[in-house]
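Work through the exercises below with the sequence and the model at hand. Each task is followed by a stepwise solution.

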Amino acid sequence: MPPNVPAQLNLEPPQYEEDIGDLSPYLPLPSSTSSRASSATLGSSISASSPRNALSEDEFDFGDPFNDTTSPGSVETPKRPNFSLQYTSPSSPSLASPQVNPRRLSRSQTLPRIYNTARENTQPRVIATEINALAVDPASTEKMRRWILGIAVVEFDIDSGPVVDGIYPPFQLVPAESENIAFCAFPDSLQFDQGSQSHSFRVRQQVNGPSGEDRAQTEDGFMYGFAHFMQRRDSSSKRGYQQRSLVILTQHQYPALFSSVVAIFGPLFEAHGTPMLEAACHNIATWPDPTPGETLELGFLGTVLQVEIPHSLDVQQVTETSSFNEKYDPKSHILATTAPFLPPPLLLFEAALSNLWSIWECLVLCEPILVFGSSPAQTSQAVWWLRDLLRPIPLAGDIRPYFTMQDSDHMQLVNKLPPKAGLLLGVTNPFFEKSCTHWPHVLSLGRRIQSSHSPRQRSPTLGAPAGPPPGWKTKTHKRYISKDRALLKQLENAVKGDEKARLGASLALRRHFCSRSTQLITPLARYLNTLIPSPSEVHHARNASSALPRSSSSSPFSSPAPSPLPSSSSRMGLTPLQGHNSNKPLRLKPFNSANFISSLKAHGSVLPFKSTSKMVEFYQRWLKSPAFGAWLAQQEQIVQTVLNGAALPSSTSAASPNVMPLLTR
């Protein structure tokens, strides 16, 4: 035998393959920074998991799929090492830590997935049976759907997690829509031992779903949910608690209105049960049409709501000029498109008061912002509040008041790529702190907590989020515009005062930034007025047009509307149709960025920029943002409609007051 070859091979004992899945943020070790550290009171041994649990099935060892005994249609979460405490979440049944099992051979990567269908719960829960038994009046349903799509009841199922038990009046949802609604209806961390909480969310309507009368008709491809979450002790439940959410689903972006409606409806449903579904929907069916610009008195379950509907979603609803017949009172008057004013929103930004001017600039420039909060109620109020500060600048990005890992858009919105322009994402799960480390801006809500221990240590009892510490963090933004020091001092004093002082400061803050948003577009409106055809051109075009026979090709009323989002080339260099050509509609002359910058330097801006160079740089950035494209398209439509003699919708004229005076010359 050759001298360098051993007589025999000494092989190590065979090792069993094991999947590593313990790095999920849903199963942390006990820590004061975790929002689940206080949830040990809810500890219960839960072995099953939702198919859309945060821990993907690919991370686990499912063992032999042919010898498993899981229920049909479910995906069983494998058992994992047990900790001394169990951590549960209202929306994730698998958060409890199972017992230790002996190792076994992993077949997760060697055999195809086979889901067992041996056991299936075919008995619907009582609440689902009661909802199905409610009478549905087609005429009443049609009237109701001018305002809302329906009311969903979401229960926590011990085997499947949150599930939509029923919707009244019923309409068809694809599975992805149903799961999105179910998970967004529940907070993804413990909020309290017993109690209730309201929040809102936005979920995408699936375009590949079935079409028909039973499908929801939305305005922008999204459904807006306003949820009332309830949790109370229940000895008959395996979890020891009953958890339920009532969700008003609507096509309208009226957060102040529907937050008030669900706050009234939730407690009444818990007290009286499913008959309140029918009563609520019949009440809403009696409401008048949601006519833009109208102030309405809406009766709802014994309460009268005084609501002002805006002319359009981009019109700022101002408390001082509201159309109520008495002085504005946030407790009795509702400005439909605003964020709820109670509790005072100022408290959400207490740790970032001095950074509010930078935050507003990032909103205007369509910078993506990740908004952390300790509860869905916090994030949803904050996101709607930030969106409101943009008006009258149109919203050009996606907003999610409350977003979960189980959302079907998760991989599109949260990945390794740069976040999308204008994205406002409200989250409460600390997982997002790790998966969104490349985001340029992070706003963490709440009060800045001074700790004498570790800088990372935060007390859950003080309302600190489980993610980053409260405050504002930015990697790229440097402020262009000076702060209002007097207002900042007022805000700092108000957070130390009573609720009346905080509410007054919140309204003052809103007025300040909405005024700045209007001042931002003033130089653009000034330049845009120079692009409007002269009165002689308009007169010549109308005379020439009236001399021609009316036809679909020559009538100015039949001209196609401009593109809703013109490209950079069309905004800056594409020659529009001139007014003196009677066969084509009157339009604005082309927008030229160099000419606008020259006009800006000559006339300046009302905003207190730090310097002229800062002013020019800011507007150059804004001209490249999608918000400018949306705003310019809006102005082009207004001008073209007026110049060609068509009636101008009140919603359009109200959205652009700066251009209208010169159109009547």
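**Confidence and conventions**

The chain has an average pLDDT of 76, and 68% of the residues score at least 70; pLDDT is the predictor's confidence in each residue, from 0 to 100. This is a predicted model, in which local features need pLDDT of at least 70 and side-chain atom pairs count only at pLDDT 80 or more, while totals for chains, interfaces and linings use all residues. Residues are numbered from 1 along each chain as its sequence is written, and side-chain values use heavy atoms, with hydrogens and water left out.

**Exercise 1.** Find which elements have the lowest and the highest mean pLDDT.

*Solution.* Elements are DSSP runs numbered from the N terminus: helices are H or I with at least four residues, strands are E with at least two. Where pLDDT is low, the predicted coordinates should not be read in detail.

**Exercise 2.** Describe the burial of helix α6 (residues 356-364) and the residue with positive phi just after α6.

*Solution.* Buried means under 20% relative accessible area, exposed over 50%, and partly exposed in between (1.4 Å probe, protein chains only). Nine of the nine residues of α6 are buried, among them Trp 357, Trp 360 and Glu 361. Just after the helix, Cys 366 takes a positive phi of about 60°. Cys 366 counts as buried because its relative accessibility is 7%. Cys 281 is buried too, because its value is 4%. A search of the whole structure for disulfides, pairs of cysteine sulfur atoms within 2.5 Å, finds zero.

**Exercise 3.** Work out which strands pair with β11 (residues 369-372) and how its two faces are covered.

*Solution.* Two strands pair if DSSP finds at least two bridges between them. Leu 370 has Leu 425 as its bridge partner in β13 and stands opposite Val 442 in β14. As for the faces, Ile 369 and Val 371 are buried on one side, and Leu 370 and Phe 372 on the other.

**Exercise 4.** Trace the pairing of β3 (residues 150-157) with β4.

*Solution.* The two strands run antiparallel and are joined by seven bridges. They form a hairpin with three residues between them. Within this pairing, Glu 155 is the bridge partner of Val 163. Seven of the eight residues of β4 (residues 161-168) are buried.

**Exercise 5.** Is Arg 202 buried or exposed, and what does its side chain reach?

*Solution.* Arg 202 lies in strand β5 (residues 195-204). Its relative accessible area is 7%, so Arg 202 is buried. The side chain makes a polar contact with the side chain of Asp 398 at 2.4 Å. A polar contact is a pair of N or O atoms within 3.5 Å; within protein, one must be able to donate a hydrogen and the other to accept it, and residues adjacent in sequence count only if both atoms are side-chain atoms. The side chain of Arg 202 also reaches the backbone oxygen of Ile 399, at 3.5 Å.
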